[in-house]
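Here is a quick tour for anyone opening this entry for the first time. Have a look at the picture, then read on.

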Amino acid sequence: MNEYSRLKECLREIARTDDQPTVCQGIVQAVSGNQCDVQVGSLVIPGVRLRASMAADDSEMLVTPKVGSAVIFGTLSGDFSQLVVLQVDHGPATAVVDADC
């Protein structure tokens, strides 16, 4: 069972729902580019997005969480392979890039 299947099973057990919005809290273990690894209990979930979309864009706002800080992350569609950070407790950096400026 891969990490996403295990996470989905654990969260379904908690929420008792299918294909519903699901959010939870975890601790950031690593940050790389516009993704991070988040630990929930003994499970580390890799590749949690820091942006709502992975589409290429000339402008963005990226809040990068501090390793060791708490984040709220989840899925609005029930697709646990598309997890995204919704709230950052502490962040060392915020980058705003606007192609129109």
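## Starting from one threonine

Leaving aside residues up to four places away in sequence, Thr22 touches Leu11, Phe73, Gly74, Thr75 and Phe80. This residue sits in strand 1, which covers residues 22-32. Is Thr22 buried or exposed? Thr22 counts as buried because its relative accessibility is 9%, and the cut-off for buried is under 20%.

Keep in mind that this is a predicted model, so some care about confidence comes later on.

## The overall layout

Now let's zoom out. The protein has 1 helix and 7 strands. Walk along the sequence and the order reads α-β-β-β-β-β-β-β.

Of the 101 residues in the protein, 29% are buried.

## A glycine in a loop

You'll find Gly41 in the loop between strand 2 and strand 3, the latter being residues 43-49. Gly41 counts as exposed because its relative accessibility is 61%, and exposed means over 50%. Gly41 and Ile27 are 14 residues apart along the chain, while their C-alpha atoms are separated by 9.0 Å.

How many disulfides does the structure hold? The count is 0. Two cysteines are still worth a glance: Cys24 is buried, and so is Cys36.

| Residue | Relative accessibility | Class |
|---|---|---|
| Thr22 | 9% | buried |
| Cys24 | 15% | buried |
| Cys36 | 1% | buried |
| Gly41 | 61% | exposed |

The average pLDDT of the protein is 81, and 78% of the residues score at least 70. Which strand has the lowest confidence? That is strand 7 (residues 93-97), with a mean of 61. At the other end, confidence is highest in strand 2 (residues 35-40), at 94.

Technical notes:
Residues numbered from 1 in each chain as written. Predicted model: local features only at pLDDT ≥ 70, side-chain atom pairs only at ≥ 80, totals over all residues. Heavy atoms only, no water. Helix = DSSP H or I, 4+ residues; strand = E, 2+ residues; numbered from the N terminus. Buried < 20%, exposed > 50% of the residue type's maximum accessible area, 1.4 Å probe, protein only. Contact = heavy atoms within 4.5 Å. pLDDT = per-residue confidence, 0-100. Disulfide = S-S within 2.5 Å.
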